[in-house]
Structure formats: structure tokens, C-alpha cells
Amino acid sequence: MDDLGVVDWPPAPIRTERLVLREAEARDRTAFVELHASPEVNAYLGGPRPRDELEREMPEVPARWPGSFVVELDGAMIGQVLLRRATGHRRPAAAGKADLGYLFLPRAWGSGYAAEACAAALGWLDGVLPGEPVVLTTQTANVASMRLAAKLGFAEVERFEAWGAEQWLGMRPS
């Protein structure tokens, strides 16, 4: 996965009680466009991208790279979990560590899917890179993301200002 070491990619689909985490496929393209064009999803990420721009630029099979998991519920994509090396990070405490990110369509919010999917992805990472520390950054204003970070076991390392807002950096103990 993106500089996280030599791992077999893609892994076999990861199944949880309700979800499947898998590599992106062509059938996910519409959901990826919806995800990146959503004002709700991107409220704390610099805002949505224009739908027409996404339609033009999105490859036939989007986000197909090591560490990018599509989250599927009942055969349809509802979100994405990302694990990648934190390179060029604004905070020295995060540099070089695995970085967890996630995006879910608004219709999937409030049902625990993000926690279930992120826990499964972190479990996978623990299996392929035991002891790998993981960081997560979110805006402090993103209350739902702060709750999820705590639920997943991330502890605050620091808060800092970036992109015009207070950011929170947490780390999951290795």
C-alpha cells in the first residue's frame, strides 16, 4: 500500500457483520462522483468538487490503489476507507505513520457503518503490518468524526490550525 511496506494488494474482500470492504470496481464510479460532489460529505474537507468536473475527470475505475477500500452494503458502495502513509504531513508527529481516512455517503450516516468499516480496515492493517502506528486528522468542529476517532481508540496528540480551522491529530497506539 502507498509506501506502507510490501503487502499483497488487493486483499481478499474483508467481510464484517454488515459490510464488505473491497477494491474499487467500475460499478462504483457513480457513487464516487456522488461522494466527492456532496456538500455534506465535504463540509470539513474544503468543500465539494463540481459534479461536471468529477464526471469528466473520474477514471472508469476510481481510487484503485493499495490502501483504498470501497465499503459496500447490500451490494452497493456507501463509502470509502483509506489507509496510506502520512507523507508531507503538516505535523511532525504524523509524518511517516499510517494515516486513516474515510468518507461515507450521507444516507449511510448514523448507523455505525464508519466505525465497523474503519475497525475492519485497521484489523487488516494490524495483520499485514503488526505494530504499525496509525494517525487520524479531523477538524474539531466535525463532532461525528471526533466521536469515531475516540471509539476506534485514537488519543489526542495535538491540536493545530490549518485550512482556516482547528484540526485534531490523534494516534492509535501500536
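Is glutamate 156 buried, partly exposed or exposed? I looked this up and found glutamate 156 partly exposed, with a relative accessible area of 44%; buried means under 20% relative accessible area, exposed over 50%, and partly exposed in between, with a 1.4 Å probe and protein chains only.

I note that this is a predicted model, in which local features need pLDDT of at least 70 and side-chain atom pairs count only at pLDDT 80 or more, while totals for chains, interfaces and linings use all residues. Residues are numbered from 1 along each chain as its sequence is written, and side-chain values use heavy atoms, with hydrogens and water left out.

**Entry: salt bridges.** I took a salt bridge as a side-chain nitrogen of Lys or Arg within 4 Å of a carboxyl oxygen of Asp or Glu. The structure holds 16 of them. Glutamate 156 meets arginine 159 in one, at 3.1 Å from N to O, and arginine 159 is partly exposed at 41% relative accessibility. I then found that salt bridges with shared partners join Arg22, Glu25, Arg27, Asp28 and Glu72 into one network. For the pair of glutamate 25 and arginine 22, the closest N and O atoms are 4.0 Å apart. Arginine 22 is buried at 7% relative accessible area, whereas glutamate 25 is partly exposed at 32%.

**Entry: nonpolar cores.** I took a nonpolar core as a set of buried Ala, Val, Leu, Ile, Met, Phe, Trp, Tyr and Cys residues joined through side-chain atoms within 4.5 Å. The largest has 33 residues, of which Leu21, Val81, Leu100 and Phe154 touch the most other members. Helix α3 gives this core its largest share, 9 residues; helices (H or I, at least four residues) and strands (E, at least two) are DSSP runs numbered from the N terminus. I listed the contacts (heavy atoms within 4.5 Å) of leucine 21, leaving aside neighbours within four places in sequence, and among them are Pro13, Phe69, Val71 and Ala117. A second, separate core of 14 residues includes Ala24, Ala31, Met58 and Val70.

**Entry: helix α1.** In α1 (residues 29-37), I found Arg29, Ala31, Phe32, Val33, Leu35 and Ala37 buried. The buried residues of this helix pack against α2 (51-57), β3 (68-73), β4 (76-85) and β5 (98-104).
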